[in-house]
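Q: I am new to this structure and would like a close look at a single part, taken slowly.

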Amino acid sequence: MLAVDTGVVEEWLSEFKTLPEASISSYAASLKDKTALISSLYKVIQDPQSELLEPVCHQLFEFYRSGEEQLLRFTLHFLPELMWCYLAVSASRDLQSSGCIEALLRGVYNLEIVDKEGHNKVLSFTIPSLSKPSVYHEPSSFGSIALTEGALSQHGLSRVVYSGPHPQREMLTAQNRFEVLTFLLLCYNAALSYMPAVSLQSLCQICSRICVCGYPRQQVRKYKGVNSRIPVSSEFMVQMLTGIYYAFYNGEWDLARKAMDDILYRAQLELYPEPLLVANAIKASLPQGAMKSNKEGTRCIQVEITPTSSRISRNAVTSMSIRGHRWKRHEQPENGNDATELGNFIIPEISVTSVAGERTGNGEKSRALAENDVQHLQGVQETATDPRTDSKGMPEIRRQKSVRKMMEDGINSSGRVQF
């Protein structure tokens, strides 16, 4: 480490201690533009034997617990590099030289798992529905989705996954190490849009190193320093892929592609299904050519714009369409014949009284009237033509049975039939 870098770091350490309370906000806003300071801090972190490592870690922790949002993000800026240095020292069994880094990581973790009042936080994540568009998919790409009763009952419902509460950690061990690191990487991914390009580059490089150290691919990558294998968990690899996926579309295409291939290589060796699924999904969704470098411009992910017109097919089969189709099928022939019947045939009116209001008995006169009425209807039926043979003739009368029943009911009730 050069003397110039040492001087820059020492000036930074002393500057914050003498800073008045009113100037903290402006000081925090200017830190991201100090490229010489950031480069010198990376060199201090990468050297476990540096005398400045312990005060630097202490200063970064003070930044994190100050409550100033930009100071907190400045500490997260170096989180990937701090994780790599801690894992590299842990793999070499030299835990004494990583004490200050471990204390910083543990302190950040213990601050993040509680709220401002000191209560344990429970994080919630909403899983998007495939029936609604998101930044990752379009419903139209899946084709027509069957509108079953189960699918309709689940439409519009969102599934929420909860994480926590997480326990406090007094020290990092082999059992809880990746539980803490996974949560810290989750916090880093939550602030990805505020991370500068140098932090994204560090993320991609350490992900690649963690996955290939101790394996034959390390010789291909020409990584030196750590030759032993670094154990990783499936959840930790998924969080690495989350940050790498963001780096793809924010100016770090080459490094992100190399890191994703190394994560996929390690996931295949470990037979981890979750990182295999996520890595292959990212790989399948990438465009054919490399994205143009966009380090200074707007950071975004290109997606298909959902049109304003409805995507529901007119031929979609629903319960209402089936019901309407059934009604239409039964009503069309009757409606077509009703117009003709109303124009050529008058439905008889049944009355239980005569014009003068006289009541008749159930004798022979009623039966004679009923026989005459039946003969009259039969005569009308014989004069009607079949519409299948002659479209211009009178249509077949389809309501004879109904009319006949109505007449019989009227006769049985001692009424008089009138036409």
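Is Lys116 buried or exposed, and what is its relative accessible area? Please go on from there to the aromatic pairs.

A: This is a predicted model, in which local features need pLDDT of at least 70 and side-chain atom pairs count only at pLDDT 80 or more, while totals for chains, interfaces and linings use all residues. Residues are numbered from 1 along each chain as its sequence is written, and side-chain values use heavy atoms, with hydrogens and water left out. Lys116 is exposed, because its relative accessible area is 89% (buried means under 20%, exposed over 50%, partly exposed in between, with a 1.4 Å probe and protein chains only). Lys116 lies in the loop between α7 (99-112) and β1 (123-127), where helices (H or I, at least four residues) and strands (E, at least two) are DSSP runs numbered from the N terminus. The C-alpha atoms of Lys116 and Gly67 are 9.7 Å apart, although 49 residues separate them along the chain.

Turning to the rings, the whole structure holds 13 aromatic pairs (rings of Phe, Tyr and Trp, the last by its six-membered ring, pair if their centres lie within 6.5 Å; planes under 30 degrees apart count as stacked, over 60 as edge-to-face and the rest as tilted). One of them is the tilted pair of Trp12 and Phe74, with 6.4 Å centre to centre and 50 degrees between the planes. Trp12 belongs to helix α1 (residues 3-17) and Phe74 to helix α5 (residues 69-77), so this pair ties together parts that are 62 residues apart in sequence. Both Trp12 and Phe74 are buried.
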